[in-house]
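Okay, thanks for coming, everyone. Let me put the model up, and then we'll walk through it piece by piece.

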Amino acid sequence: MAAEQGNTDRPPTPEMPSRFTANRMLIAVVFIAVYSWSVEGTGLSIVALIEGLPDFWQLGQHMFPPSLEGYEELWVPFLETLFIGILATIIGSVFAIPIGFLGAANLSHPVIYYPIRLVLTVFRGVSEVIWALLFVVAVGLGPMPGVLALCIFAVGVQSKLVAEAVEAVDPGPLEAIRTTGASPWKVFLYGAWPQVLPLYLTYALYYWDHNTRQATILGFVGAGGLGQKLLWDISVYEFEKATTSIVLMIVLITAIDRFCLYLRSKII
Amino acid sequence: MNNATLDAEIDSLIKLRQRVLLNWLFILTVILAVGGYAAWFTGFDIPELVTGWPHIWNLLKRMFPPDFSIVPILYGPLIETLQMALLGTTIPIFFAVPLAWLTAVNIREDHVLGNIVRLFLHVLRTIPELLWAMLLVSAVGLGTFPGTLALILHTTGSMGKFFYEAIEAIDPGVIEAMEATGANQFKVLMFGIIPTVLPIYMSVVLLYWEFNTRAATILGLVGAGGIGLTLTHAIQAFEYDEAVTCLIAIVLILTVIDRISNYLRSKVI
Amino acid sequence: MSEQIQVSGAPIIVVNDLTKSYDGKINAIMEISLSIAKGEFTVLFGPSGVGKSTLLRCLNCLVEPTSGDVIVDGQQVGDMSNKELLALRSDVGMIFQEFNLINRMSVLVNVMCGRLHDMSFFRALTYTFSREDHEVAIHALRRAGLHDTELYTRRADTLSGGQKQRVSIARMLVQEPKIILADEPVASLDVKMQHTIMQLVRDIAARDGITVVMSLHQLELAKQYASRIIGLSEGVVAFDGPPQSLSNDVINRIFKIVDDKGVGSQDNESADAGNE
């Protein structure tokens with residue numbers, strides 16, 4: 001970037017800051033260190049992968065082709081998974097509205113708002129599977145602890161999203177409705193709610209998809225659904241049946257995913 | 001101002017409104033009916049929940065006060081969990097990015113390959129991490145190796161989807177403008193596409209770091225390492241006060257990673 | 001067709017020593033006393049941040065004054081019960097700079113929201129408006145200059161700025177207000193539309209005998225449409241009289257005092273004010 005000949009009025013070109021600052025190099029070194037330490041700690045290396053290849057291949061052979069033997073046993077777990085997902089979404093969404101409002105800084109009192117946000121953080125801080133595990137220990141096996149676990153987590157997440165939506169409401173329309181002399185609940189219903197509703201529905205649909213996915217594995221801890229059947233089939237080394245369950249699972253989730261996409265386009 | 005047409009218009013408006021309301025009512029009824037059936041099918045019993053409350057209370061009593069004496073032995077598993085999460089988030093990047101490139105609708109040429117890749121990614125992400133972990137454990141045995149692999153497989157699928165959606169969402173005007181200046185494909189890529197999608201990619205990676213940390217905590221349930229294993233052992237041995245210590249540890253590291261992830265994401269977007 | 005403003009002597013709004021301070025430190029308005037007669041078209045004039053919006057909002061108690069009285073139509077606003085306050089508000093219409101329409105709802109529903117005060121519980125809950133609500137709303141929309149019925153069912157956010165303000169005026173008309181409060185109603189519109197809306201408000205007010213209290217920072221508009229100008233500066237009244245008496249001296253004082261304290265971008269404001 002030399003100055004051109006005869007163009008002496010040009011101000012001197014500023015020096016480009018070096019890309020290799022001390023800070024950045026330090027971060028890079030730290031990162032590489034953490035990385036290699038992790039690779040060592042998890043035993044993940046190219047060598048291990050190569051050594052594992054025959055095992056993977058063998059698994060693959062066991063799993064395919066999928067077997068339809070005993071397919072009538074699949075029906076109930078399949079429906080269980082479907083309904084666990086639906087029920088958890090409905091209950092979670094219903095409770096998310098009041099709890100979300102109570103957790104919104106602009107609508108509720110700090111005395112209520114802080115504890116609620118804290119509780120919500122705990123609800124969603126722990127994976128649904130762990131909640132399911134705890135509920136299974138508490139109330140026994142079956143789909144019910146699964147539903148409960150998903151509800152707790154769903155309430156944790158959806159309430160927070162509702163609270164954030166309420167906090168992000170444009171106060172202008174609210175003021176306008178207030179000036180017409182409408183009572184507070186009417187102000188809310190016409191000023192705030194129309195802004196919150198589309199977000200709320202989007203989240204509800206999104207979480208139906210998510211809940212169904214989670215419902216498929218809750219069975220691993222005994223909370224019903226396809227997961228439980230899968231667990232059984234794999235434990236007794238009947239991998240072909242397991243594959244069928246897995247395929248069924250993929251079909252279910254894909255179907256719900258597509259359905260939700262379709263519904264979403266009708267809402268916005 | 002024709003009164004007759006005005007009346008007719010108001011009539012049609014009111015009818016429209018009624019129809020919309022009826023639709024909503026219908027949808028609500030359907031949801032309630034399905035919910036009710038779901039409750040019956042899954043045996044979701046409110047009375048049972050009430051009678052089961054003593055069991056939950058019982059469990060809570062046995063969980064508190066937490067047994068903090070096991071904290072020293074938690075460090076190993078916790079570190080394993082964090083390591084799994086780290087690798088499970090960073091390694092997929094190397095696979096997800098090229099795969100996303102192959103399948104983004106606006107830049108791929110071969111439709112067959114693109115669709116196969118898309119299906120492949122879909123399967124990867126639809127199978128939950130825990131299921132992958134279980135399958136891999138039955139193949140290669142217990143430990144963090146299958147766990148990390150499980151995360152890598154699942155995350156490749158999930159990130160891949162975000163990545164190609166980001167590419168597809170690029171404003172075609174940006175590309176057009178660059179091509180109009182005579183830039184070749186490579187330059188369009190480097191200066192047009194990459195700067196646009198990079199913040200999104202970084203945000204997605206940080207998001208999945210958080211998700212994977214949460215997922216890594218439970219992989220131990222199927223023997224794939226991490227603190228989930230400690231938790232499972234504690235529960236199986238009925239040592240609930242130890243279990244709750246594990247839970248507290250899990251919540252703590254998740255909260256920390258959540259904060260860090262959110263902070264970094266706000267700097268990226 | 002413009003109408004003459006009829007002013008009858010009785011004050012409909014009386015403000016005594018009104019003060020509003022935030023956190024005990026920032027005084028938005030300081031001990032303002034005013035008396036506005038029925039039918040007057042009063043413009044609160046001054047640059048941004050000078051207290052116009054606050055003063056307006058104290059009149060229908062959207063903002064609670066720190067001290068002082070507001071008496072509207074003979075009643076002490078500060079002493080009112082909730083029910084009385086809502087009734088007062090239903091008689092006071094307000095329009096805003098940002099229009100403040102409910103974006104996702106149709107134009108017609110937005111206008112019918114003006115009737116919310118009188119709507120029954122069940123109707124309000126299910127968003128069902130009566131036939132009469134519809135008729136009144138359409139009539140109001142027509143008065144506000146929107147005759148195209150195709151517009152009525154469109155979402156409010158698909159309209160232009162001028163159209164939105166008309167809808168907002170229609171919403172206000174549906175309340176059959178005695179007083180109109182207007183907070184910078186034309187600041188977001190282009191010059192031609194500014195005059196259109198100002199004329200609309202003036203004509204409606206003159207026809208229905210409504211008292212108007214409007215805040216503006218555009219000198220031209222204030223001079224052209226007001227029957228009385230109250231110049232505000234730093235939270236106090238700096239001028240009170242007919243537009244003709246508003247001299248350059250006073251204008252400079254209103255804007256210059258702000259200049260000394262360095263509040264707001266008075267370069268724009270002075271340019272605005274200097275344009276005669």
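So, how far apart do the C-alpha centres of domain 1 of chain B and domain 2 of chain B lie? They lie 36 Å apart. Domain 1 covers 2-63 and domain 2 covers 68-268, with bounds from an automatic or database domain assignment.

Quick housekeeping. This is a predicted model, where local features need pLDDT of at least 70, side-chain atom pairs count only at pLDDT 80 or more, and totals for chains, interfaces and linings use all residues. Residues are numbered from 1 along each chain as its sequence is written, while chains are lettered from A and ligands numbered from 1 in the order in which they are written.

On to the interfaces, starting with A and B. Here 44 residues of chain A are in contact with 45 residues of chain B; contact means C-beta atoms, placed from the backbone, within 7 Å. On the chain A side, α1 (22-42), α3 (72-102) and α10 (239-267) are among the helices that each supply at least two residues. Helices here are DSSP runs of H or I with at least four residues, strands are E runs of at least two, and both are numbered from the N terminus. The largest share, seven residues, comes from α3(A). By class, that side has 29 nonpolar, twelve polar and three charged residues. For the classes, Ala, Val, Leu, Ile, Met, Phe, Trp, Tyr, Cys and Pro are nonpolar, Asp, Glu, Lys and Arg are charged, and the others, Gly among them, are polar.

Now A against C. That contact takes 16 residues from chain A and 21 residues from chain C. On chain A, α7 (171-179) and α8 (184-218) each supply at least two residues, and α7(A) gives the largest share, seven residues.

What about the cores? A nonpolar core is a set of buried Ala, Val, Leu, Ile, Met, Phe, Trp, Tyr and Cys residues joined through C-beta atoms within 7 Å. Buried means 20 or more other C-beta atoms within 10 Å of a residue's own, again placed from the backbone. The largest core has 135 residues, and Ala149(A), Leu87(A) and Leu219(B) are among those touching the most other members. Its largest share, 14 residues, comes from α6(A). Apart from that core lies another, of 88 residues, including Ala182(A) and Ile251(C).

Last, chain C: ten helices and ten strands, with buried residues making up 47% of its 276 residues. Strands count as paired if DSSP finds at least two bridges between them. One open sheet has six strands in the order β6-β7-β8-β3-β9-β10, with mixed pairing. Its edges are β6 (92-96) and β10 (236-241), each with a single partner strand, so one side of each is left without a neighbour in the sheet. Inside it, β7 (residues 179-183) and β8 (residues 211-216) pair in the parallel sense over five bridges, and Leu181(C) stands opposite Val213(C).

The other open sheet I want to show has four strands, antiparallel, in the order β2-β1-β4-β5. In this one, β2 (26-37) and β5 (75-76) pair on one side only. Strand β1 (residues 11-22) joins β2(C) over eight bridges, and one pair to look for is Ile13(C) with Ile36(C).

Conventions
Two residues are in contact if their C-beta atoms, placed from the backbone, lie within 7 Å. A residue is buried if 20 or more other C-beta atoms lie within 10 Å of its own, exposed if 12 or fewer, and partly exposed in between; C-beta atoms are placed from the backbone.
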